[in-house]
Amino acid sequence: MIPLAVDWHDLLLKSILGFNEYVIYYFITLNSVYLLLFLVSLVEVVRFVRRTFFSDYQQILKSEMTLPISIVVPAQNEERGIVDTVRSLLQLNYGEFEILVVNDGSKDGTLERLVRAFDLRTTDRIYRRTLPTGKVRGIYASLEVPNLTVVDKEHGGKSDALNTGINLSRYPLFCSVDADSVIEENALLRVVKPFMEHPEEMVAVGGIVRIINGCEVRDGRVVKIGLPRRVLPVFQVVEYLRAFLSGRIGWSVLRSLLIISGAFGLYKKSEVIAVGGYDSNTDTEDLELVVKLHEGLKKRKMKYRIVFVPDPVCWTEAPEKFKTLLMQRNRWHRGLLQSFRLHWRMLLNPKYGVIGIVTLPYFLLFEMLGPFVEVLGYLSVLLAWLLGILNMEFFLLFLLVAIFYGVFLSIAAVLLEEISFRRYPAWEDLARLIWYAIWENIGYRQLLALFKVKAFFDFIRRRRRWGEMGHRGFRPAAAVPDQH
Amino acid sequence: MSEVLIQVLWVLGSVLVLLSLCIIANKALREMRERRGARIRRDLEPRILEYINGKGERLAALLPPPRGMERQVVEEVLLDNARFLKGKARARITAACEDLGYVRDRVRQLRSPRWWKRAEAAEKLATMKSPRAAPDLIALMRDEVPDVRMRAARALGHLETRTSIKPLIEAFRDPNRWSALRIADILSGMGPGAADELMESFATLPIKARVAAVDCLGRARSHRAAALLINLLSDPDRDIRARAAHSLGLIGDPNFTPDLLRSLRDPAWPVRAMAAKALGKLGRPEAVAPLREALKDREWWVRINAAEGLRSMGEKGLAALVDAIEAEDRYARHAAVATLEGAGVLDQYVEKLASPDEREREKALVFIRKIVAAERTDHLMQTAARHTQEKVREQLSRILAPGEVKA
Amino acid sequence: MSPPRILVADDDNTVRRFIVTLLADRGYEVLEAADGEQAYKVAERAKPDLMLLDLIMPFRDGFDVLQDLKRSPETASIPVIIMSVKDREEEIVKGLNMGADDYVVKPFNSLELVARVRKILEREIRRAE
């Protein structure tokens, strides 16, 4: 009947317009939350730069009271770089520390290379299997390097390897390090400082992860810092600046830091053991660990801190190819969804403080539902244009909140970087950063939103392609699941 | 409505452009300043270095009076070099800082309304080491910002004058544990005078500070603190007991042995561990048997410290360790073998297998069989595979072959 | 006779510049190296009469460089004074056992350093005769 047909058409148009309006509000809210985080981070970074003096680290280095650290490096099929990684770890500027490399059933020459390079001998170490792990085949020690231990075990996955390392570690603090990360030489001094300042409360400390593509590396050290040549990694550099410097620090100040990158994080061993160590039930074990820590400590009503140090500590390789980036972000987002499903009880639960009331709802709305809103938002704007109902001023408004606001925040992040750590000294690099900060919001972010939508469907279908990636070694752990 | 929007867009656009310009300007300004600073430094540094190395009486005489950025650069050069120097050269740097008015300026900055300026001033004064700053630094120890207090404390620590000690000990009461640790560091570097003062004020310190104070006394190797420390071996707090034992070990008087032997039976394992470590350092023969007993302790730290202690006691200790290889207690066996391995004793005996002397070889074989009976053969197996001498490899392989091992 | 050549290996620019001034004023010719690799290369090429070696350096630390120098017969005879902030007993003993002729802890006394340098150089001259 004709009247009904008209209604239907009208309804469609009305809903598209209504949805468009909703999208506007969404973007305003999202970017304002980012703005708030940015401002909080700005204050904290400036404060941090002001109160940190070089001599502090010198004192930590020389003090007898400095806490010793066990560095755990899970490794699978890392024959190419493992010896270099260990060598550069040995050069770290720190008093007392040990390195535990856990060879997680590598099918290549990882173990052989280590044995040869460091003259390893089998040894006996009595240790308590505090955390359940897979079978350990052997333990190796080096005569010339007394603080290196290599553990050979059957394949069990990254979490299993980390737990094994924890079991065998000697010291009260342990540091998880990815086998392909390059750690700054003063990194340990920097992340241990919060532990020295609040020894009873501090539970975990994370630091800034930077992208190594484009940097010159020699002997496990970054000798010259530069931006990558290719476009995709440069986008990620800007993204990391925004996510770490102006995002994560903000969360840390608000006492609700959820992510400490597996590429580099320092933890209090006893607390990690108390929550059962690392789990293999999600794709991003580092995120899951921190969430578990928050949950466990809040349940026990203990006073604790999990903080983020604005200091750069670690360099990691960013995917250069589209497909690799897709797989990485897919895994991160799936891991986020998995952790969420496991800990849904914390949502809006006042027992869990800021995390329950603010952070988790934020993640739900903007990280999980957000990508849908965004993708649909762009689609509906496009649809409106095609149908001829697109309002020019609406479109401008949309551009304003969806793109410009974002560009503003990206450039603000670059500014924050410039006034604080200035790791990119070249003028050309600065120009490229600003340029890409603009374009990051026109294409890259939208792409990431698409990835997340796909990841959601993968999550629903419970596809966990962990094994498929296995042959290329452990993927770098979750560094940026927040802030698309 | 669209006009408003377009205007907003313009505004936002301009803000963005402005922001980018700010970044660029900031960077450009900074680079200019750095370049200028580097130029001034290149110009002035040689003369400053000459002064530090002994030329002339006053730096002010060698340079035209520095103004503006030059003042900053000269102070920077002086402080940079102060970091790694001591003795006359360092004293000359302090003299120059006083002479050119840097001390005076920084002391004035100690009263700045902005806390980071105060902290920076204290930091710089710490390197300048001028006693003229002492009274103001002492006053700053009551600053409301903990960072400022810490830096003032550190600066006072560097001054090493008697007057700085009391306020530092006062600061020990600071509830912030990090401060207490840092003050402990500072005090232990200040020599016996600080140790004496610490002892006097000891009873008045809160518990957390006491633990750090005990450490200080040990690190300062203050013998006069011995009586106090021995008393503390019976303190109700186990941390204090443990640190007291540790400190007594650092001081190193063998006469402490009887008291430490008692601590070796303390119910708390950290105390036992520290007592074992200290006894090892003191090296008295009457400690050998109790340490051997301690090899059976339930806690790994205690066992390891006991084993290490025995190792550092020379012949008697090593003999006790070798003996312990056949102990009934599995933990004791492991600890003993691990320590002997680490000390290279195992390798020594393996080398003896190649000796032309029959008796030496016998002794070595006996020893090695004991190790095998203790079920710690990994190291031996490795050596059996790799040793350069055929004779040694052969003998080892025979011992390690199942037939030879006695249950 | 040409002035004795001394190689200063330290990653800290300020320390190097200071020592260069200190020694050059007293008539020595001073060579510089800013990291471990450079230290070894320059020592091998220029065969200085004395080497001041820092321990904490990028690329190869002082102990590694010392070990390599002592392994090769051409460089083994170069006298080495270690200069480092590392002041623990184990480290000092290790350095001396590895073949260093002296170990100076930072912060150091500049006049003392000069005296030690002179003493070793004179000893070398006497040995050569």
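This is a predicted model: local features need pLDDT of at least 70, side-chain atom pairs count only at pLDDT 80 or more; totals for chains, interfaces and linings use all residues.
Student: Great. How many residues does each side bring to the contact of chain B and chain A?

Tutor: Chain B brings 29 residues and chain A brings 31 residues. On the chain B side, α1 (2–52), α6 (115–128), α10 (177–188) and α23 (378–386) supply at least two residues each. Here helices are DSSP runs of H or I with at least four residues, strands are runs of E with at least two, and both are numbered from the N terminus.

Student: Which helix gives the largest share of that chain B side?

Tutor: That is α1(B), with 14 residues.

Student: And what is the split into nonpolar, polar and charged there?

Tutor: The side of chain B that touches chain A has 15 nonpolar, six polar and eight charged residues. In this count Ala, Val, Leu, Ile, Met, Phe, Trp, Tyr, Cys and Pro are nonpolar, Asp, Glu, Lys and Arg are charged, and the others, Gly among them, are polar.

Student: Switching over: how many residues of chain C are in contact with chain B?

Tutor: 13 residues of chain C touch 13 residues of chain B. On the chain C side, α1, β6 (108–109) and α6 (110–128) each give at least two residues, and α1(C) gives the most, six. The chain C side divides into six nonpolar, four polar and three charged residues.

Student: What does β6(C) pair with?

Tutor: With strand β1 (residues 85–86) of chain B, in the parallel sense and over two bridges. For strands, pairing asks that DSSP finds at least two bridges between them. B:Leu85 stands opposite C:Phe108 in this pair.

Student: OK, chain C itself. What is the strand order in its five-stranded sheet?

Tutor: The order is β2-β1-β3-β4-β5, an open sheet with parallel pairing. β2 (29–33) and β5 (102–105) of chain C stand at the edges with a single partner strand each, so one side of each has no neighbour in the sheet. Neighbouring strands are turned by 20° against each other on average, direction ignored. Inside the sheet, β3 (residues 50–54) and β4 (residues 80–84) of chain C pair over four bridges, and C:Asp54 has C:Met83 as its bridge partner in β4(C).

Student: Which strands does helix α1 of chain C touch?

Tutor: Helix α1 (residues 13–24) of chain C packs on the sheet and touches β1 (5–9), β2 and β3, and its direction makes about 165° with that of β2(C). Axes are lines fitted to C-alpha atoms, for helices over the stretch in contact, with angles from 0 to 180 degrees between N-to-C directions.

Student: Where is confidence lowest in chain A?

Tutor: In helix α14 (residues 466–470), at a mean of 39, while strand β1 (residues 69–75) of chain A is highest at 96. These are pLDDT values, the predictor's confidence in each residue, from 0 to 100. The mean over chain A is 86. Over residues 475–484 of chain A pLDDT stays under 50, and the model has 47 contacts beyond four places in sequence for them.

Student: Last one: how far apart are the centres of domain 1 and domain 3 of chain B?

Tutor: 65 Å, taken over C-alpha atoms. Domain 1 is 31–100 and domain 3 is 344–407, with bounds from an automatic or database domain assignment.

Technical notes: Residues are numbered from 1 along each chain as its sequence is written. Chains are lettered from A and ligands numbered from 1 in the order in which they are written. Two residues are in contact if their C-beta atoms, placed from the backbone, lie within 7 Å.
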